[in-house]
Amino acid sequence: MNKNLRKAVIAGNWKMNKNRAEAKALVGELAPLIKDAGCDVVICTPFTDLDVALEATKGTNMGVGAQNCHWAKSGAFTGEISADMLTELGVQYVIIGHSERRQYFGETDLTVNQRVRAALDAGLTVILCVGELLEQREQGITREICGMQTRVALGGVSQDEMKKIIVAYEPVWAIGTGKTATAEQAGEVCGFIRSVLADLYDQATADATPIQYGGSMNAANAAELLSQPDVDGGLIGGASLKPADFAAIVAAAGK
Ligand code: PGA
């Protein structure tokens, strides 16, 4: 409906994959394949690959993101990385609240909110992940869960700061499982999340915010998912490690 109000964003989430040499090679293979993209393209690499990715993407149309950041500026937080540390490197994006962080590392809606706050304060663009578990979908509470996660994560985020927010709807049961949501399911929940944004801010803000789908999106199903009026791109795990597949998704988003 209002798709022309926002640009699609295809973001690769490399997760804990690729060493530095492999990262450089993957960017090198990808760059020529996506150089004419009609959408924004981002790769989110492990922390240890960020500087290599930034160097290798120089002069290309690819942005670089991290997969998490801490909420404090510095301090006794062993193993964590602050948002300022990312911007100092030149990183522009950060994924916050990915379901693997929630599932394996005790991330809660409140810590997601704190991390979003810190990322915005540092000037990063946030890819905010929300999504229901399979049991929650079966219980018929997908909207309640996604609505709550969105509302809590955006607590204290101003209307102006929403320009730096991309929401990724990622049903947890579809991540890494090969079990994709149908285009209708993806479109329905992305549309619902947009209505939550309209309620929190206003319709113009909701219409301007990219809402991605993520969860087993691949070269074969991307076009159908992206044809939904409220699906403005994708957060791609497995397929982002395969240059031809990722490029096909980018091409589908640019149409
Ligand atoms: P997948 O991962 O594409 O491998 O399902 C998506 C994600 O976790 O962001």
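A polar side-chain atom of Lys15 sits 2.7 Å from an oxygen atom of the ligand. This places the pair inside the cut-off for a polar contact, a pair of N or O atoms within 3.5 Å. The model is predicted: local features need pLDDT of at least 70, side-chain atom pairs count only at pLDDT 80 or more, and totals for chains, interfaces and linings use all residues. Residues are numbered from 1 along each chain as its sequence is written, and side-chain values use heavy atoms, with hydrogens and water left out.

Glu170 also places a polar side-chain atom 2.7 Å from a ligand oxygen. The ligand alone exposes 290 Å², of which the protein buries 95%; areas follow the Shrake-Rupley method with a 1.4 Å probe.

The ligand is surrounded by 13 residues, each with a heavy atom within 4 Å of it. Lys15, His98, Glu170, Gly176 and Ser216 are the closest. By class, the shell holds four nonpolar, seven polar and two charged residues. Nonpolar covers Ala, Val, Leu, Ile, Met, Phe, Trp, Tyr, Cys and Pro; charged covers Asp, Glu, Lys and Arg; the others, Gly among them, are polar.

Most residues other than glycine have a negative phi. Lys15 has a positive phi, near 55 degrees. Lys15 belongs to the loop between strand S1 (9–13) and H1. Ser216, not a glycine, likewise has a positive phi of about 55 degrees. Its loop joins strand S7 (211–214) and helix H10 (222–226). Helices (H or I, at least four residues) and strands (E, at least two) are DSSP runs, numbered from the N terminus.

Helix H1 (residues 20–33) also meets helix H11 (residues 243–253); their axes come within 9 Å and cross at roughly 35 degrees. Axes are lines fitted to C-alpha atoms over the stretch in contact, with angles from 0 to 180 degrees between N-to-C directions.

Notes:
Polar contact = N/O pair within 3.5 Å; in protein donor to acceptor, adjacent residues only side chain to side chain.
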